[in-house]
Amino acid sequence: MRHTKIDGPSTEDTFCHEKYSELKNEANALTIQLEPLEKVKNKLANICQRYTSRCIWYGLAAMCFQVGILVELTWDVYSWDVVGPLTYFIGYGTVMAIHAFHLIIGTDFEYITLTDRLFLRRFYREAHRYSFDISLYNRLKNRLFIVHTDLARLRAPLPLSLPVPAHPFRCKNSGEELSPLDVYLTTRHYDQ
C-alpha cells in the first residue's frame, strides 16, 4: 500500500507547477514574437508557391509547343525520315540535361525535388528582398517546439502519478479490443 501526504503539496509538485508556468509564459512570449514573422512568412510562401506553379505550367507549355513543332515538321514540312533523327537528338539532349541536374544538385530529378528547389530558391530571394530574417524565425520556431515538448512532458501522467488514460489496443484485422496483457504476450512471443 502506498502512503501519501495529506498535509500539502510536495516540493516536486511545486517545482512542476513553477516549471509549467515558466514554460507556459515562455511559449506565450515566443508565440507573440512569431506572429509578425508568421504573417511575413505566409506572404512569402504564397508568392513562392505562385512562382513555382507558374514555372511548372510554363514547362508544360514549352513541352506542348515542342511537340506541336515536331508534329508540324513531321506531317506538313518534312517526313518522318527527316524528323526522326531530330527527335532522337532532342530526347537524348533531355536525358543529358536530367543527368546533369542529378550530378550538379546531387538528387534525383523528380517532380517534388524540382518544385521544392524552385520554391526554396525563390523563398530565400524574396526573404532577402523583404528583409525577413530566416535564421531568427527558425531559432524561434525550434525553441517553441522544445518548450511545447517540455510542457507535454510535464503534463505526462506517469511522473505526476496520475492514472494513465485508457486507449485500448485494437486488432488490425477484426477491430476488437485487446487487453494490454494479450499485446504483451504476443510481442514477447515474437521477440523470442
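## Salt bridges and burial in a chain of helices

Modeller: Lys141 forms a salt bridge with Glu38, and their closest N and O atoms are 3.1 Å apart. Please remember that this is a predicted model, where local features need pLDDT of at least 70, side-chain atom pairs count only at pLDDT 80 or more, and totals for chains, interfaces and linings use all residues. Residues are numbered from 1 along each chain as its sequence is written, and side-chain values use heavy atoms, with hydrogens and water left out.

Colleague: Why is the pair of Lys141 and Glu38 called a salt bridge?

Modeller: The name needs a side-chain nitrogen of Lys or Arg within 4 Å of a carboxyl oxygen of Asp or Glu. The N and O atoms of Lys141 and Glu38 are 3.1 Å apart, so the pair qualifies. Lys141 lies in helix H4 and Glu38 in helix H1, so the bridge ties together parts that are 103 residues apart in sequence. In general, side chains of opposite charge can pair when their charged atoms come close.

Colleague: What makes Lys141 buried, partly exposed or exposed?

Modeller: Its relative accessible area decides: under 20% is buried, over 50% is exposed, and in between is partly exposed (1.4 Å probe, protein chains only). Lys141 has 34%, so Lys141 counts as partly exposed.

Colleague: Which residue meets Glu126 in a salt bridge of 3.1 Å, N to O?

Modeller: That is Arg122. Arg122 and Glu126 both lie in helix H3, four residues apart, about one turn of the helix. Arg122 has a relative accessible area of 18%, so Arg122 is buried too. Salt bridges that share partners join Arg122, Glu126 and Arg129 into one network.

Colleague: What makes Arg153 buried or exposed?

Modeller: Its relative accessible area is 56%, so Arg153 is exposed. You will find Arg153 in helix H4 (residues 134-154). The C-alpha atoms of Arg153 and Tyr20 are separated by 9.9 Å, although these residues are 133 residues apart along the chain.

Colleague: How many helices and strands are there?

Modeller: The chain has five helices and two strands. Helices (H or I, at least four residues) and strands (E, at least two) are DSSP runs, numbered from the N terminus. Along the sequence they follow the pattern α-α-α-α-β-β-α.

Colleague: What share of the chain is buried?

Modeller: Buried residues make up 18% of the 192 residues. Among contacts with a separation of 6 or more, 62% involve residues 24 or more positions apart.

Note on methods:
Contact = heavy atoms within 4.5 Å.
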